[in-house]
Amino acid sequence: MSTLVAGMASSHAYTFYEPAEWDKRRGVSYERYRKRFGRLPRIPEELGAADPKDDERRYAKLRDGFARLALLLAAANPDVLLLIGDDQHAADEVLVL
């Protein structure tokens, strides 16, 4: 018999990249979209107004959240870790933990 010891979730929006990489990653995502749909996606106006200091503050919250999840995972000490993700058609990228 098994026991579920934890359930955790995370946003996927560039959370594994430092903010300095976000614009580059957006460019990669836009190009994938263009290849798939023949045009660029609608880009929200607020993306053009992003302030690097705001990005750093937002990333600090993400990083702190991941640190908390890491502590919770370590405390749970599971025998098995099941990771479920949506690759969003990005099969050429694989995250290995």
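**Reading aromatic pairs and a pocket**

Q: Is tryptophan 22 buried or exposed?
A: Tryptophan 22 has a relative accessible area of 4%, and buried means under 20%, so this residue counts as buried. Keep in mind that the model is predicted.

Q: How many aromatic pairs are found in the whole structure?
A: A search turns up two aromatic pairs. In one of them, the ring centres of tryptophan 22 and tyrosine 59 are 6.1 Å apart with planes at 75°, so the pair is edge-to-face. Because tryptophan 22 belongs to helix H1 and tyrosine 59 to helix H3, this pair ties together parts 37 residues apart in sequence. Tyrosine 59 is also buried, at 8% relative accessibility.

Q: And what kind of pair do tyrosine 33 and phenylalanine 37 make?
A: Their ring centres lie 4.6 Å apart and their planes meet at 45°, so this pair is tilted. Both residues sit in helix H1, four residues apart, which is about one turn of the helix. Tyrosine 33 is partly exposed at 25%, and phenylalanine 37 is partly exposed at 48%.

Q: Where is aspartate 55, and which residues does it touch?
A: Aspartate 55 is in helix H3 and is one of the residues lining that pocket. Leaving out residues up to four places away in sequence, aspartate 55 touches Pro19, Trp22 and Ala50. With a relative accessible area of 9%, aspartate 55 is buried.

Technical notes: Residues are numbered from 1 along each chain as its sequence is written. This is a predicted model: local features need pLDDT of at least 70, side-chain atom pairs count only at pLDDT 80 or more; totals for chains, interfaces and linings use all residues. Side-chain values use heavy atoms; hydrogens and water are left out. On a 1 Å grid over the protein atoms alone, a cavity is a set of points where a 1.4 Å probe fits but cannot get out, and a pocket is an open set with protein on both sides within 12 Å along at least five of seven lines; lining residues have an atom within 4 Å of a point. Helices (H or I, at least four residues) and strands (E, at least two) are DSSP runs, numbered from the N terminus. Buried means under 20% relative accessible area, exposed over 50%, partly exposed in between (1.4 Å probe, protein chains only). Contact means heavy atoms within 4.5 Å. Rings of Phe, Tyr and Trp (its six-membered ring) pair if their centres lie within 6.5 Å; planes under 30 degrees apart count as stacked, over 60 as edge-to-face and the rest as tilted.
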